2 protein chains.
Amino acid sequence: MGKVVVVGGVAGGATAASQLRRLDPDCEIVIFEKDRDISFANCGLPYHIGGEVAERSQLIAATPESFGKKDVTVRTYHEVIKVNTSENFVTVKNLESGEIFEESYDHLVLSPGGRPRIVPALAGVPENHVLHTLEDMDEIMKYIDEEDIREVVIVGSGFIGMEVTENLRMRDIDVTLVHRNGYLYGHIEEEMAAVLQQTLEDHGVTLKMNSEIDRVADGYAHLTTNEKIPAPMIIQGIGLTPNTEFLRDSGVDVTDRGLIPVNEYGQTNIENVYALGDIMETNYLHAPEIRANIKLAWPAHRMAYTIANHIHGGYDVKFEGLLGTNIMRLFEYEIGAIGLERKDVRDIEHFVIDNQQNFKAGYMEGASKIRTKIYVGNDGTILRAAMISKSGVDKRLDTLAAHIRAGGKAQDLINIEVAYSPPFSSPKSDLNMVGYKAIEEMKKRGLY
Amino acid sequence: MGKVVVVGGVAGGATAASQLRRLDPDCEIVIFEKDRDISFANCGLPYHIGGEVAERSQLIAATPESFGKKDVTVRTYHEVIKVNTSENFVTVKNLESGEIFEESYDHLVLSPGGRPRIVPALAGVPENHVLHTLEDMDEIMKYIDEEDIREVVIVGSGFIGMEVTENLRMRDIDVTLVHRNGYLYGHIEEEMAAVLQQTLEDHGVTLKMNSEIDRVADGYAHLTTNEKIPAPMIIQGIGLTPNTEFLRDSGVDVTDRGLIPVNEYGQTNIENVYALGDIMETNYLHAPEIRANIKLAWPAHRMAYTIANHIHGGYDVKFEGLLGTNIMRLFEYEIGAIGLERKDVRDIEHFVIDNQQNFKAGYMEGASKIRTKIYVGNDGTILRAAMISKSGVDKRLDTLAAHIRAGGKAQDLINIEVAYSPPFSSPKSDLNMVGYKAIEEMKKRGLY
């Protein structure tokens with residue numbers, strides 16, 4: 001397989017390189033990473049701020065040196081600025097020296113990821129931070145220490161905004177969360193988001209809903225609601241812009257949203273060019289006609305294996321598409337979802353089962369409700385499920401992931417023989433109950 | 001459907017009756033229960049002894065009175081002593097008055113359960129107790145209080161033995177566990193049982209392995225190892241004897257082990273006679289040629305629904321067979337298994353994947369290893385899996401239950417898109433890793 005060039009050395013790129021080396025001890029592998037670090041645990045960054053990850057070093061899975069020992073060349077601060085797919089070379093800029101050079105490849109793996117979007121009012125504002133890289137985390141922690149930060153304004157309520165909020169509260173730092181619309185955490189249903197909102201308030205977080213920062217001046221953020229709040233530090237997490245501009249005129253297809261469509265082997269429209277990670281566009285496993293872009297770790301790792309295997313000549317491992325399984329812990333709650341986004345569900349005829357039940361035997365100390373909403377197509381396809389609970393959301397999501405992947409329908413949920421003992425479940429688990437209710441509903445509708 | 005007689009009013013029988021009434025408001029339903037109580041949460045009994053179930057009343061799901069309101073007749077202390085399947089009636093003995101009478105049926109549901117086995121040396125010994133019914137629990141708690149019991153000898157290390165041990169330790173009662181062979185808790189692999197053994201010792205339990213009680217005298221138990229230990233109270237849990245003797249000459253097939261084989265609708269060999277619960281014999285879902293008798297709550301509840309539906313005329317809900325999913329908490333550990341018993345696995349060509357990995361991101365506070373052993377047939381069928389961890393065993397078992405049920409093979413485990421976030425998993429979960437390892441092993445063996 002000759003020489004493989006990997007663009008981007010974080011989750012997707014680094015894993016693809018490792019897998020490749022494992023499969024083939026001889027091929028040449030070069031990783032170009034435009035930033036300082038490679039292969040760090042980006043999902044773990046918020047938890048080092050809060051202290052749940054005790055040592056910074058635990059967040060670093062691999063270094064250029066450790067890759068060097070595996071005979072993988074890593075060049076950090078090297079940005080790939082152009083790709084020539086007809087002559088199979090990339091143009092690389094050394095960001096430290098300014099030098100520009102070309103590097104040929106036999107196979108090219110694109111894992112450039114994205115960069116945090118910045119609202120115009122915060123561009124260039126010295127109080128403003130993002131948390132996307134290890135470097136960002138280092139800066140945030142240094143800033144908190146050096147400026148003796150006791151209060152932070154969080155902008156955005158996605159994974160990053162919520163996780164950073166939790167972790168700052170763990171350090172007893174006051175948090176004001178500014179969110180542009182009326183409910184938090186768009187990954188989940190409004191009625192579940194309302195629970196999160198209450199939880200944040202219970203944990204001393206000040207919420208500024210339907211509100212955006214208009215400008216920052218003299219240490220204060222001026223909101224679109226005409227309020228003025230102290231903002232000695234701002235951390236913003238409102239999403240990513242794909243780093244795919246360098247592919248312009250490369251011949252690699254890029255969508256209007258800046259994403260790279262791939263097939264079941266991770267190939268782009270160009271046979272020897274692969275893509276993975278936050279910029280890849282694939283399809284939903286259970287609704288193949290709907291395109292999926294899931295900026296999470298599991299898809300990146302899974303696709304890394306597929307690509308490495310395919311470059312190595314394997315057609316036996318395919319990427320089946322995604323379910324978009326996602327989860328977050330927020331203080332005492334667990335919140336998660338699987339399947340299509342709500343906007344996609346709306347376009348499909350479906351009914352909803354909304355079940356509330358104790359997550360373990362109701363007579364056991366500490367039992368409380370898990371709420372599960374499941375969106376069922378007319379043939380029983382589980383289009384989407386969302387849930388919130390103080391425990392066990394990850395269990396239900398993983399179970400649904402296995403179930404849906406293998407073609408299991410809503411009415412089949414009654415047949416999942418769950419592990420029951422009072423500390424863990426009810427004899428009829430909530431997923432079983434959702435199945436029973438789905439059958440009743442389908443009978444009513446003449447679908448069963 | 002006329003008149004339905006139910007023999008046995010605990011989990012299986014009571015649930016079948018409830019489901020029947022839900023489906024059909026008009027049919028006549030009579031439950032005969034030979035003991036004092038019906039419809040109590042037998043799995044919860046140990047936890048009331050330890051206090052994790054605060055109120056005794058929480059353990060009672062239904063009473064003869066509450067059934068009465070649903071127009072279901074319940075006769076406790078009524079034992080069915082004979083069944084006439086050619087003329088469709090049962091012979092019933094009122095255990096309080098001694099009266100014997102006949103009751104006709106259109107459909108008969110058998111849920112007689114079993115009774116605790118007693119080793120000969122403990123028969124009639126006043127210090128000896130079992131924990132099978134609510135009445136047993138009441139007696140145990142009364143005995144502890146009245147005799148001011150500070151130490152207990154537990155005989156047997158199945159679910160009951162282990163759970164009672166844990167709960168007695170919660171009350172600071174000293175426990176000596178007498179076990180007849182060299183490793184505990186036969187539901188699990190020896191190397192995992194060794195962890196349990198250590199855990200018990202860490203929690204102050206005295207273990208007497210390879211040892212049985214020979215006789216009890218003057219408050220002491222004399223062991224087969226010639227030791228003599230104080231035994232002011234003994235609680236024995238060494239398994240059940242099926243209560244199926246009354247079916248002799250009834251025409252209902254009963255196996256040598258006293259079990260009742262049923263089909264996918266819960267029917268015995270007699271069309272209008274059904275059986276469920278601890279005495280039913282069905283087959284493994286993923287290995288239909290192997291018979292299964294799983295004395296747990298999930299199969300009973302699931303079969304109750306199937307039988308009620310079938311009596312009501314439904315052929316749409318089938319019982320698919322079992323996976324034998326089981327789990328137990330023992331102090332800080334969770335232990336569980338799914339699939340065939342080890343003795344059945346031995347007869348099938350297979351290989352084993354033994355994986356140890358953190359149950360959540362390794363850099364997170366509180367991370368520790370989950371050990372998973374998975375037995376894979378040559379075509380990738382997951383014959384059995386066993387695991388032990390401080391967290392997340394229930395999650396993996398439920399996920400495997402969904403996966404195996406739907407025909408998922410070991411090599412497909414890589415495709416389960418688990419819910420990942422550092423507090424919950426690794427990006428490649430341990431089940432995913434088991435899948436990757438299974439593929440490698442299958443490639444080595446020329447099976448993939």
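Tutor: The bounds, which come from an automatic or database domain assignment, are 3-113 + 241-312 for domain 1, 118-236 for domain 2 and 326-445 for domain 3 of chain A. This is a predicted model, in which local features need pLDDT of at least 70, side-chain atom pairs count only at pLDDT 80 or more, and totals for chains, interfaces and linings use all residues, while side-chain values use heavy atoms, leaving out hydrogens and water. Residues are numbered from 1 along each chain as its sequence is written, and chains are lettered from A and ligands numbered from 1 in the order in which they are written.

Student: How do you know that domain 2 of chain A and domain 3 of chain A are in contact?

Tutor: Contact means heavy atoms within 4.5 Å, and by that rule 20 residues of domain 2 of chain A meet 19 residues of domain 3 of chain A. The area buried between these two domains (accessible area, with a 1.4 Å probe, that two parts lose on being put together, summed over both) is about 1,800 Å², and carbon and sulfur atoms give 64% of it. On the domain 2 side, A:Glu166, A:Glu189 and A:Met192 lose the most area to domain 3, together 32% of what that side buries.

Student: What makes the pair A:Glu189 and A:Arg384 a salt bridge?

Tutor: The rule asks for a side-chain nitrogen of Lys or Arg within 4 Å of a carboxyl oxygen of Asp or Glu. For A:Glu189 and A:Arg384 the closest N and O atoms are 2.8 Å apart, and the pair therefore qualifies. Across the interface of domain 2 and domain 3 of chain A the rule finds 5 salt bridges. Helices α5 (159-170) and α6 (190-202) of chain A each supply at least two residues of the domain 2 side, where helices are DSSP runs of H or I with at least four residues and strands are runs of E with at least two, numbered from the N terminus. The largest share of that side, 7 residues, comes from α6(A).

Student: Why can A:Arg329 and A:Glu166 be said to tie together parts separated in sequence?

Tutor: Their side chains meet in a salt bridge at 3.0 Å, N to O. A:Arg329 belongs to strand β22 and A:Glu166 to helix α5 of chain A, so the pair joins parts that are 163 residues apart in sequence. Both A:Arg329 and A:Glu166 are buried.

Student: What makes B:Ile353 buried or exposed?

Tutor: The relative accessible area of B:Ile353 is 5%, and on that basis it is buried. B:Ile353 lies in strand β24 (residues 350-358) of chain B. Beyond its neighbours within four places in sequence, B:Ile353 is in contact with residues including B:Thr372, B:Ile374, B:Val434 and B:Ala438. B:Ile353 and B:Thr372 are 19 residues apart in sequence and 7.9 Å apart in space, C-alpha to C-alpha.

Student: How do you know how much area chain A and chain B bury between them?

Tutor: The size of an interface is often given as the accessible area lost when the parts come together. For chain A and chain B this comes to about 5,900 Å², 58% of it on carbon and sulfur atoms. In chain A, A:Trp298, A:Tyr363 and A:Glu417 lose the most area to chain B, together 15% of what that side buries. The contact count is 68 residues of chain A with 68 residues of chain B.

Student: What shows that salt bridges cross between the chains?

Tutor: The rule finds 10 across the interface of chain A and chain B. One of the pairs linking the chains is A:Asp398 with B:Lys395, whose closest N and O atoms are 3.8 Å apart.

Technical notes
Buried < 20%, exposed > 50% of the residue type's maximum accessible area, 1.4 Å probe, protein only.
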